[in-house]
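The sequence and the structure come first.

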Amino acid sequence: MALIDEQIAGQLRQELAQLEQPVRLAVAFQTLADPESEEVRRLVEELCGLDPRLRYEPVNFVLDQARVAALGFKRTPAIAVLQEPVEGQERDFGLRLYGLPSGYEFGSLIEAVLDVSSGRPQLQPATLEALR
């Protein structure tokens, strides 16, 4: 049974039409020790199936220690939102989501995907200046 129904899938396809650059969602999972991981994996796989510019990368939290360390995952389930490699270099903006992105958190995941795809900060100029 699908986690994303057809009505929601249609709305998501419209949102994802705004993608500027391809995005990869790396999902850290530990299926036996953390059953919620499997639900997160399924949700992200379904989401990535809605647009060819989204790619799913499974990261086994126990077996893929080098990738876990490179992405800075601390626990499972976790999702890293990455811009696909441009000229061989992936862009990591440090966006990590922990737990099952349901309810309002699912909207945060979609916003993170769109933000990473643009490659530009979505902050006001005064905020950017203050951060400098």
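A salt bridge here is a side-chain nitrogen of Lys or Arg within 4 Å of a carboxyl oxygen of Asp or Glu. The model is a predicted one, in which local features need pLDDT of at least 70, side-chain atom pairs count only at pLDDT 80 or more, and totals for chains, interfaces and linings use all residues. Residues are numbered from 1 along each chain as its sequence is written, and side-chain values use heavy atoms, with hydrogens and water left out.

**Salt bridges**

The structure holds eight salt bridges. Side chains of opposite charge can pair when their charged atoms come close.

| Arg53 | Asp51 | 2.9 Å |

Burial is judged by relative accessible area: buried means under 20%, exposed over 50%, and partly exposed in between (1.4 Å probe, protein chains only). In the pair of Arg53 and Asp51, Arg53 is partly exposed at 28%, while Asp51 is buried at 8%. Helices (H or I, at least four residues) and strands (E, at least two) are DSSP runs, numbered from the N terminus. Arg67 counts as partly exposed at 22% relative accessibility, and Glu57 as buried at 14%.

**Helix α1**

Helix α1 spans residues 6-16, and its buried residues are Ala9, Leu12 and Leu16. These cover an arc of only 60° around the axis, so they sit on the same side of α1; the arc is that of the directions from the helix axis to the C-beta atoms. Gln7 and Gln14, on the other side of α1, are exposed. The buried residues of α1 pack against α2 (36-48), β2 (54-60) and α4 (104-118), where contact means heavy atoms within 4.5 Å.

Asp5 lies in the segment before α1 and is partly exposed, with a relative accessible area of 44%. Asp5 caps the N-terminal end of α1, with a side-chain oxygen 3.1 Å from the backbone nitrogen of Gln7. From Asp5 to Thr127 there are 122 residues in sequence and 38 Å in space, C-alpha to C-alpha.

**Strands and cores**

β1 and β2 run parallel and are joined by seven bridges; two strands pair if DSSP finds at least two bridges between them. The bridge partner of Phe29 in β2 is Asn60. Because five of the seven residues of β2 are buried, this strand is largely enclosed by the rest of the structure.

A nonpolar core is a set of buried Ala, Val, Leu, Ile, Met, Phe, Trp, Tyr and Cys residues joined through side-chain atoms within 4.5 Å. The largest has 26 residues, of which Leu25, Leu47, Ile79, Val81, Leu109 and Val113 touch the most other members. At least two residues of this core come from each of α1, β1 (23-29), α2, β2, β3 and α4. Helix α4 gives the most, with seven residues. Another core, of ten residues, lies apart from it and includes Val59, Val68, Ala78 and Leu82.

Beyond its neighbours within four places in sequence, Val81 is in contact with Val23, Arg24, Leu25, Leu95, Leu97, Leu109, Ala112, Val113 and Val116.

The side chain of Ser117 reaches the backbone nitrogen of Glu20 at 2.6 Å. Neighbours within four places aside, Ser117 is in contact with Leu19, Glu20, Gln21, Val23 and Gln83.

Most peptide bonds are trans. The bond from Thr76 to Pro77 is cis, with omega near -10°. Pro77 is placed in the loop between α3 and β3 (78-86).

Methods
A polar contact is a pair of N or O atoms within 3.5 Å; within protein, one must be able to donate a hydrogen and the other to accept it, and residues adjacent in sequence count only if both atoms are side-chain atoms.
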